[in-house]
Each structure stands twice: as C-alpha cells, then as structure tokens.
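Dear colleague,

Please find below the structure I promised to hand over, together with its sequence. My notes on it follow.

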Amino acid sequence: MAKSTRGTVTAFSPFDARADAEALRKAMKGMGTDEDTILKILTSRNNAQRQEIASAFKTLFGRDLVDDLKSELTGKFETLMVSLMRPTCIFDAHALKHAIKGAGTNEKVLTEILASRTPAEVRNIKQVYLQEYEANLEDKITGETSGHFQRMLVVLLQANRDPEGRVDEGLVEQDAQVLFRAGELKWGTDEEKFITILGTRSVSHLRRVFDKYMTISGFQIEETIDRETSGDLEKLLLAVVKCIRSVPAYFAETLYYSMKGAGTDDDTLIRVMVSRSEIDLLDIRQEFRKNFAKSLHQMIQKDTSGDYRKALLLLCGGDDE
C-alpha cells in the first residue's frame with residue numbers, strides 16, 4: 001500500500017501491545033464501558049500496531065477484540081472503531097465488497113476508491129479481494145454496473161495507466177484535440193475517447209492535457225464533462241480528473257460534502273478519515289483549509305458529537321485555523 005509520511009497517525013512509541021490489550025480489556029470488562037480509553041488507544045496507534053494489540057488481546061484473554069468492540073459499542077462510534085481495526089491491506093477490498101453486495105450498488109464507493117487509488121494499489125485490491133472473498137472483483141463489478149460507467153470502471157481496474165516518464169508534447173496536443181472533438185465539437189458525445197484517455201494516460205501527461213485543453217477550447221475539462229455526460233459516468237470521470245489534478249484536494253472536497261448541509265454522510269466521513277489517516281491526511285487538511293475557508297477540524301467539531309466526534313478529531317490531528 002502507499003507508504004507515506006503525510007499521515008496524521010504514525011507508529012506510537014514506546015509501544016507495548018500487551019499493556020494496550022490489558023487496558024482495552026479493563027475498559028470493556030464488567031458494568032459500563034470506558035469509551036475514552038478505547039478511543040485514545042485506537043486513534044493513537046497505527047494500523048500495524050492495532051493488529052498486534054488484537055493478537056495480544058486474543059493471547060491474553062482468548063477473546064476477539066473486534067467482537068468485544070462490537071458488543072460494547074454502538075452506532076457511528078462503533079463503526080469508526082471497528083474500521084480502525086480492519087487491516088490496511090483489506091480495507092479497500094472490504095469497502096468494495098460491501099458496495100456491491102445485496103440490493104442496490106453503492107456507486108459512490110466504487111467511484112471514490114477506483115478513481116483515487118494508484119495502479120499498484122488497485123492491483124493489490126484485486127489480489128486481496130480474490131484471497132479474502134474467493135471472487136473476481138472485476139466480475140462482481142461488471143455484474144452490478146452497466147454502460148459507459150461500467151466500462152470506465154473496468155479500464156481503471158486493469159491498473160494499466162502509463163508509467164510516469166517524459167511527457168510527449170505532441171501526444172499532449174493530440175489528446176487535447178481528440179477530447180475537444182469528442183465533446184464540445186460533436187453533436188452527442190464520444191464517451192469512449194474520454195474513457196480511454198482519462199483511464200490510461202500517465203498523471204503528468206494528463207495534467208498537461210488539461211492545460212492544453214483549456215487553451216484550445218476555453219473550457220476547463222471539468223466543465224465539458226459536466227455538460228457532455230451525466231449520472232454515474234459524469235461523477236466517475238470528474239473524480240478521475242480531480243484525482244489526476246490532486247488526490248488530497250479530491251479527498252478534501254469529498255470530506256467537505258460529506259458534512260455540508262443537512263445530515264452527515266457518516267460512511268464516507270469514516271471511510272476517508274480512516275483510509276487516509278496514515279497516507280496523506282495532513283495534505284488533505286491543508287487543501288481543505290485552502291479551498292473551504294475553514295479547517296477540517298472545525299467542520300468535524302460542528303457536525304458530529306460525543307465519542308464519535310472525539311475520535312474523529314484525534315484522527316484529524318490539529319486544527320488549521
């Protein structure tokens with residue numbers, strides 16, 4: 001998985017898995033639960049350390065830590081703590097499995113994960129999905145989706161984006177022209193051209209294509225996608241473009257809209273806070289502050305409550321006033 005030092009959660013030191021396991025058992029034993037101890041320990045240890053704590057917990061008490069958390073906690077706070085305990089390597093595969101099981105498909109989750117993960121991460125997700133669920137992720141996704149949305153997902157699932165290298169200005173010009181002709185200059189839209197170019201070219205190449213597109217057409221590529229496509233395909237293409245421009249900015253926007261307005265999309269809030277906490281949450285916070293004139297910390301503070309809020313704020317780290 002992407003190893004990066006731009007996370008808010010790092011390895012805790014000095015770390016003692018047995019002492020943590022004992023503190024957690026004490027917090028859940030007998031009458032009442034000491035939520036404070038649970039959230040302080042789990043938000044301040046990284047995922048690898050949480051797995052060691054779970055292993056020590058089973059060794060010392062013959063009990064499953066996640067099962068105990070599920071029986072002692074409730075609601076969004078329980079969901080957040082259990083998400084923190086999920087091993088990093090299976091986190092995305094698990095989210096995708098739940099997005100495509102049962103009645104109705106959660107296109108938002110498919111879009112967020114497949115648009116934002118690197119080719120190496122996508123290859124890993126497919127492998128883990130096969131190991132954990134004995135099923136082929138691509139088959140599962142194609143069974144639940146259709147049309148150009150499905151085709152773009154399949155392209156992203158191939159994880160064959162061109163590697164980073166020298167950008168060929170001739171090809172940049174050509175791609176920008178192709179996109180212009182496929183959208184703005186055409187009656188109807190040639191979605192396939194958007195899918196191929198946005199799904200397979202390298203990140204640095206596409207950033208140049210977006211600049212060139214603006215020069216040729218007078219539009220940002222996002223404006224054209226907005227006008228020329230609709231529904232799930234539009235959302236997916238826009239997510240891909242935003243992630244090509246900046247993954248942290250994409251997640252800052254995702255977090256903002258999960259809390260903006262009436263009601264909170266807690267599933268998205270939890271998924272993003274947990275999955276980016278060891279990768280780039282510091283960068284996401286920076287982008288959030290820059291683009292929304294308030295800090296992520298302030299928005300979480302205002303939009304959530306109780307132990308759930310306490311835990312999210314600890315994951316968030318500081319307040320970028």
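Two residues are said to be in contact, or to touch, when heavy atoms of theirs lie within 4.5 Å. Please bear in mind that this is a predicted model.

By this criterion, and leaving aside residues up to four places away in sequence, Leu-198 touches Met-152, Arg-161, Leu-206, Phe-210, Ile-225, Leu-237, Val-240 and Val-241. Leu-198 also belongs to the largest nonpolar core, which has 97 residues; together with Met-81 and Met-273, Leu-198 touches the most other members. The greatest contribution to this core comes from helix α15 (residues 231–245), which supplies nine residues.

The axes of α4 (residues 65–72) and α5 (residues 75–85) come within 9 Å of each other and cross at roughly 175°. Because angles over 145 degrees count as roughly antiparallel, α4 is described as roughly antiparallel to α5. On the α4 side, the contact involves Leu-65, Val-66, Leu-69 and Lys-70, which meet Glu-78, Val-82 and Met-85 of α5. By class, five of the residues in this contact are nonpolar and two are charged, with no polar residues.

Finally, I would draw your attention to Ser-217, which is found in helix α13 (residues 203–217). Is Ser-217 buried or exposed? Its relative accessibility is 15%, so Ser-217 counts as buried, the cut-off being under 20%. The side chain of Ser-217 reaches two backbone atoms: the oxygen of Tyr-213 at 2.7 Å and the nitrogen of Phe-219 at 3.0 Å.

With kind regards

Notes:
Residues numbered from 1 in each chain as written. Predicted model: local features only at pLDDT ≥ 70, side-chain atom pairs only at ≥ 80, totals over all residues. Heavy atoms only, no water. Helix = DSSP H or I, 4+ residues; strand = E, 2+ residues; numbered from the N terminus. Buried < 20%, exposed > 50% of the residue type's maximum accessible area, 1.4 Å probe, protein only. Polar contact = N/O pair within 3.5 Å; in protein donor to acceptor, adjacent residues only side chain to side chain. Axes fitted to C-alpha atoms, helices over the stretch in contact; angles between N-to-C directions. Parallel < 35°, antiparallel > 145°, perpendicular 65-115°, else oblique. Nonpolar A, V, L, I, M, F, W, Y, C, P; charged D, E, K, R; others polar. Core = buried A, V, L, I, M, F, W, Y, C linked by side-chain atoms within 4.5 Å.
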